[in-house]
Amino acid sequence: MGRCAECYERYEKFTERCFEKLGSFISKHPKLIMSICITGNLLLLIGFVNLSTEDDVEILYTPSNSQAHKDRTFLQDLYPDPTTANFESYQLLTFGRYVDVLIISKNKGNIMSQRYVDEIKHIDRFIQDSIVLYTADGSNFKYSDLCALGTTGCHILGGVIFETDFQNQFISNNMTYPFFNSELISPLFGKAHRQNGYLTSTIGVKLRYYLRQNTTLSESWEKSFLNQILNLKTNITDIAYSNSDSLGIELNKATNNDIKYFSLTFTLMMTYACLASASSWLKCNNIANRMNLGIAGVITPILGIGSALGFVSGIGVKFTSIVGVMPLLIIGKWYSHLCGKIQQAILYSLHKPIVGGGRH
């Protein structure tokens, strides 16, 4: 124990001397130090011009060195992109690129009639013809330009609904279920009822429009879909829709909402802390005034966080929404430390010696 205590004492004295020299140097050259720090922070902030985000749930929440990740990478190298020709959904190694559309009757009644079939066809035509991706170079892309290619064209999960033979059997209540012409159709229909191997009623149908994975335009078309599908008007059906990024989008929304409320809460707390630490601000006493120290304590982590984010963005590291809570955690830690110091100062002022001895 004696040697440990001696070693600790030497380390502590060495550290004290280092900080003493640093403090002495800063106190002799305050303007130079502040200029260097502020200039350095501003230079690092330039990295924000290279800021990019990562919202893919699989990338964010799947360990990069896990066995599943290694196996998937191996299979992706072994098998080519399946969406470019003869595509079937079971070939996908990931969730893929797609948009889902769920069509349900407004009255939650049976849709096995011609008017519902006509409306489903109207919705399909709107998706394929009216949703258009416009690019900066003046080009435009429809679903048919970016769709995953099956054996007979664009592969749509539920595309059997648009075949003439299927529609005739569907309307006449003469459609076999859960298989139709050796194709499993039970995943397509909502609240389906069957009797003696035939479909008797269903309230809705689900369609999935697959997109190619070998182009970033598919992701852009998905975003156009979310914006333009709002223009679709239906008469006897309601629709619900999503895309392959919907989970990531909703997670980002939840995080961003939390950041908004956290920011408001911490702003109020920091304002209170600065005002509470201002013992002499009305007298303009910058020596005794702790308010300036409180403000500096807020500005310092903000500059540090901005510099760090600017640096990592500049070297190509992508930003994720969960990182947005980092400033709040750091400033919150500073706030709790400041509150402790304020409490100590108040207790000291209540028990400090008065002239003539004694305490009050």
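## The cysteines

C154 is partly exposed, with a relative accessible area of 30%. In this predicted model, C154 is bonded to C147, and the two sulfur atoms sit 2.0 Å apart. That separation counts as a disulfide because the cut-off is 2.5 Å between cysteine sulfurs. The link of C147 and C154 is left-handed, with -65° about the S-S bond.

The two ends of this bond have their own surroundings. C147 is buried, at 0% relative accessible area, whereas C154 falls in the partly exposed class at 30%. Searching the whole structure turns up 1 disulfide. Two further cysteines are worth a look: C7 comes out as exposed, because its relative accessible area of 52% is over the 50% limit. C37, at 41%, is partly exposed.

## The chain as a whole

Zooming out, the protein chain has 11 helices and 13 strands. It runs to 360 residues, and 30% of them are buried. What about contacts along the sequence? Take the contacts between residues at least 6 apart in sequence: 66% of those join residues at least 24 apart.

## Strand β1 and its two partners

Strand β1 spans residues 97–105 and is mostly covered, with 7 of its 9 residues buried. It pairs with two other strands. With β12 (residues 204–211), β1 runs antiparallel over 8 bridges, and on that side D100 stands opposite R208.

The other partner is β13, residues 237–243, which also pairs with β1 in the antiparallel sense, here over 7 bridges. S105 of the pairing has T237 in β13 as its bridge partner. As background, side chains in a regular strand alternate between the two faces of the sheet.

Which two strands form a hairpin with 2 residues between them? They are β10 and β11. β10 covers residues 193–195 and β11 covers residues 198–201; the two are antiparallel and joined by 3 bridges. Q195 stands opposite Y198 in β11. In the turn, N196 has a positive phi of about 55°.

## Helices α5 and α7

Now for a helix pair. α5 (residues 114–130) and α7 (residues 164–171) have axes that come within 10 Å and cross at roughly 145°. The crossing of α5 past α7 is right-handed. On the α5 side, the contact is made by Q114, V117 and K121, and these meet Q167, F170 and I171 of α7.

K121 is the charged one, because Lys belongs to the charged class.

## L251 in helix α9

L251 lies in helix α9, which takes in residues 246–276.

I322 is 71 residues away in sequence, and the C-alpha atoms of L251 and I322 are separated by 9.3 Å.

Notes: Residues are numbered from 1 along each chain as its sequence is written. This is a predicted model: local features need pLDDT of at least 70, side-chain atom pairs count only at pLDDT 80 or more; totals for chains, interfaces and linings use all residues. Side-chain values use heavy atoms; hydrogens and water are left out. Axes are lines fitted to C-alpha atoms, for helices over the stretch in contact, and angles run from 0 to 180 degrees between N-to-C directions. Helices (H or I, at least four residues) and strands (E, at least two) are DSSP runs, numbered from the N terminus. A crossing is left-handed if the near helix is turned anticlockwise from the far one by less than a right angle, and right-handed if clockwise. Contact means heavy atoms within 4.5 Å. Buried means under 20% relative accessible area, exposed over 50%, partly exposed in between (1.4 Å probe, protein chains only). Two strands pair if DSSP finds at least two bridges between them.
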